[in-house]
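Load the model in a viewer and keep the sequence panel open beside it. The tour goes from one selection to the next and says what is found at each stop.

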Amino acid sequence: MRSRRLAAVAAWTLMTVLVSGCSDDETDGPQDAGASGSATASPTADGSGEASSGTPSASQVEPATGQLVTMRSGISFRLTEGPDWGVIGEGGLGVAADAEAEGTLELVILDGSEFDALTEDLEVAANATLKSLPESSYPTLRREEDREVNGVTGYVLRSEDDTANYYLFGALHKGIAFSLSMEVPLELELEDWVEPILASIEWS
């Protein structure tokens with residue numbers, strides 16, 4: 001999973017270039033990246049627009065109550081309570097955290113990033129992220145149903161391999177492109193880690 005984290009860092013840099021190029025080619029007006037105030041089904045890459053099963057809405061999940069992590073923009077979230085998280089980069093553009101967990105020898109890994117958004121179109125941002133993540137590190141990478149987290153609609157990317165599940169939530173908010181990704185070992189329930197942390201996000 002360490003090599004995948006390095007790949008994600010490189011992809012984050014590449015994505016800023018891709019978003020810039022994609023936004024220059026856009027002919028349609030920008031989409032509203034803000035919230036509608038309720039969870040709604042948004043079109044996915046296949047255009048289905050049907051809600052994914054098994055993913056609870058933010059209102060159904062108790063937010064994480066562990067360590068507070070704040071990005072440079074003021075966007076913040078909390079880590080799950082219990083594990084001893086090691087956090088690097090708090091207050092900056094990129095935050096990295098990992099923790100040991102019972103039931104697995106692998107680490108749970110979290111990465112948060114933000115930069116000045118080069119587009120107001122969530123579709124452009126989602127497609128740029130898809131293009132930026134290398135297939136060698138994310139062999140089953142796909143886009144799933146857009147979702148709303150605490151009033152802001154964002155895109156979801158998923159992947160898995162023989163060691164871990166990968167989940168990424170990305171959103172545009174007040175000129176900031178924000179993403180939070182997690183790699184959770186297969187022995188653990190992905191939702192037990194991802195959902196409480198997403199539910200704790202506070203948009204500045």
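Start by selecting β6 (142-149) and β7 (152-160), which pair in the antiparallel sense over six bridges; two strands count as paired if DSSP finds at least two bridges between them. Helices (H or I, at least four residues) and strands (E, at least two) are DSSP runs, numbered from the N terminus. This is a predicted model, in which local features need pLDDT of at least 70 and side-chain atom pairs count only at pLDDT 80 or more, while totals for chains, interfaces and linings use all residues. Residues are numbered from 1 along each chain as its sequence is written, and side-chain values use heavy atoms, with hydrogens and water left out.

Stay on the two strands. β6 and β7 form a hairpin with two residues between them, and Asn-150 in the turn has a positive phi of about 50°. Arg-143 stands opposite Leu-157 in β7. Six of the eight residues of β6 are buried, where buried means under 20% relative accessible area, exposed over 50% and partly exposed in between (1.4 Å probe, protein chains only).

Now show the whole chain as a cartoon. It has three helices and nine strands, in the order α-β-β-β-β-β-α-β-β-β-β-α from the N terminus. Of its 204 residues, 49% are buried. The chain exposes about 9,700 Å², and carbon and sulfur atoms supply 49% of that area; accessible areas come from the Shrake-Rupley method with a 1.4 Å probe, and for residues only the protein chains shown count as cover.

Next, select α3 (190-199). How much of α3 is buried? Eight of its 10 residues are, so the helix is largely enclosed by the rest of the structure. The buried residues include Trp-193, Glu-195 and Pro-196. Elements covering them include β2 (76-78), β5, β6, β7, β8 and β9.

A pair of aromatic rings is described by the distance of the centres and the angle of the planes. Rings of Phe, Tyr and Trp (its six-membered ring) pair if their centres lie within 6.5 Å; planes under 30 degrees apart count as stacked, over 60 as edge-to-face and the rest as tilted. The structure holds three such pairs. Trp-85 and Trp-193 form an edge-to-face pair, 6.1 Å centre to centre with 70° between the planes. Trp-85 lies in the loop between β2 and β3 (86-88) and Trp-193 in helix α3, so the pair ties together parts that are 108 residues apart in sequence. Trp-85 is buried at 8% relative accessibility, and Trp-193 has a relative accessible area of 11%.

For another pair, select Phe-178 and Trp-203, also edge-to-face: 5.6 Å centre to centre, 85° between the planes. Phe-178 is in strand β9 and Trp-203 in the segment after α3, 25 residues apart. Both are buried.

Return to Trp-85 and show its surroundings. Leaving aside neighbours within four places in sequence, its contacts (heavy atoms within 4.5 Å) include Gln-67, Asp-98, Leu-110 and Met-182.

Which of its 32 residues touch the most other members? They are Phe-77, Trp-85, Leu-110, Phe-178 and Met-182. Elements supplying at least two residues each include β4 (94-100), β8 (164-173) and α3. A second, separate core of 12 residues includes Phe-115, Leu-122, Ala-126 and Leu-133.

Note on methods. Core = buried A, V, L, I, M, F, W, Y, C linked by side-chain atoms within 4.5 Å.
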